[in-house]
Amino acid sequence: MQLPMTKKHPAGSVKEAFNLTGRVAIITGGAGLLGAKHAEAIAELVGIPVLWDIDKVRAEDRATEITSQFRVPAVGMAVDVTQAECIRRALAEVLSMFGRVDILINNAANDPKVSTSGLQAGHSSRLECFPLEQWNRDIEVGLTGAFLCSRIIGCEMAQRNKGVILNVASDLAIIAPDQRIYRLSDLTEDQQPVKPVTYSVVKAGLLGLTRYLATYWAEKGVRANAISPGGAQTDQNVEFVRRLTKSGATWAHGSPRRVQGCRCLSGIRRFFIHDGSEPRHRWRPLGMVNQDANIPRAGKCF
Ligand SMILES: NC(=O)c1ccc[n+]([C@@H]2O[C@H](COP(=O)([O-])OP(=O)(O)OC[C@H]3O[C@@H](n4cnc5c(N)ncnc54)[C@H](O)[C@@H]3O)[C@@H](O)[C@H]2O)c1
């Protein structure tokens, strides 16, 4: 792969090569686990992260922390990505503050976590009784939200003839969930927690949205990509981490280790949001051929 820094910048000055000074990046779900990491990655490259989240207090708190840590004017805003009018208003506010939006990271989702006591999604997540309301809500946040933000913010980018949309998918956009890794020993079969069906559906849908967007505004200089990370290692119990790591090693499309630290995504994210990822720079990870959209897994960092 040809990195944009090869001639102009000596190896080692990655931050300089991927510098985002003055660029404005909207991150949906910015107050969450990975949202804050995306924001930090932008701030590290001297870009301006704007954290949109339905949770105003957490978004503002994260933004304050990032401002003090990286000395960039990060902003946290209350935005519901399922509401077009709310997105329009928030975009107008961002434009009045900074005059531009360069990057959109569609990251918001209903993402049930595995904690020390197992997968949060419990009995009601099983397919046999998965509530229609939950199906609608998950699709609304993860997929409709990404569509609305892409449509509204993408139009603004297309008018300026420049912009980047990065959709946060998941390895489960590509592979089947192995529900065995979530099993708890003290529950009956019909009570075993499972990764909800909507997670796979939303993430696969995001890949379709990415391919569509990748060509739609290509002539207008708006690029679209997706990343498909494996699980981020947090406070999951030891047994879960063991099972996840083991299952990843056996899957054909799996990266050598599916469980990875959140910082592991930095290189991929950095690459796709930077101008250096223009179409001539294609990355074919793990044998996957990229057509209009690059859809790598986050197993490899640079
Ligand atoms: N954590 C992982 O292991 C992992 C792995 C692969 C992919 N992902 C994907 O990365 C993204 C972030 O995951 P995470 O672990 O940080 O999840 P998270 O739950 O910590 O963060 C999601 C954020 O989205 C926000 N949100 C929910 N509904 C919203 C709405 N209507 N409008 C605006 N914001 C809303 C939540 O308040 C939350 O802060 C998700 O798309 C997830 O599917 C996560």
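Analyst: Helices (H or I, at least four residues) and strands (E, at least two) are DSSP runs, numbered from the N terminus. Residues are numbered from 1 along each chain as its sequence is written. The model is predicted: local features need pLDDT of at least 70 and side-chain atom pairs count only at pLDDT 80 or more, while totals for chains, interfaces and linings use all residues.

α2 itself has twelve residues and reaches 17 Å from its first C-alpha to its last, close to the 16 Å expected at 1.5 Å a residue (the expected span is 1.5 Å times one less than the number of residues). Ten of its twelve residues are buried, so α2 is largely enclosed by the rest of the structure. Buried means 20 or more other C-beta atoms within 10 Å of the residue's own, exposed 12 or fewer, partly exposed in between, with C-beta atoms placed from the backbone. Among the buried residues of α2 are L34, K37, H38 and E40.

The ligand has 25 residues around it, and G29, G32, L33, L34 and A109 come nearest (near: C-beta, placed from the backbone, within 6 Å). Two or more residues of this shell come from each of α2 (33-44) and α5 (132-160). α2 gives the most, with three residues.

Strand β1 (residues 24-28) runs parallel to strand β2 (residues 48-53), joined to it by five bridges; strands pair if DSSP finds at least two bridges between them. The bridge partner of T28 in β2 is W52.
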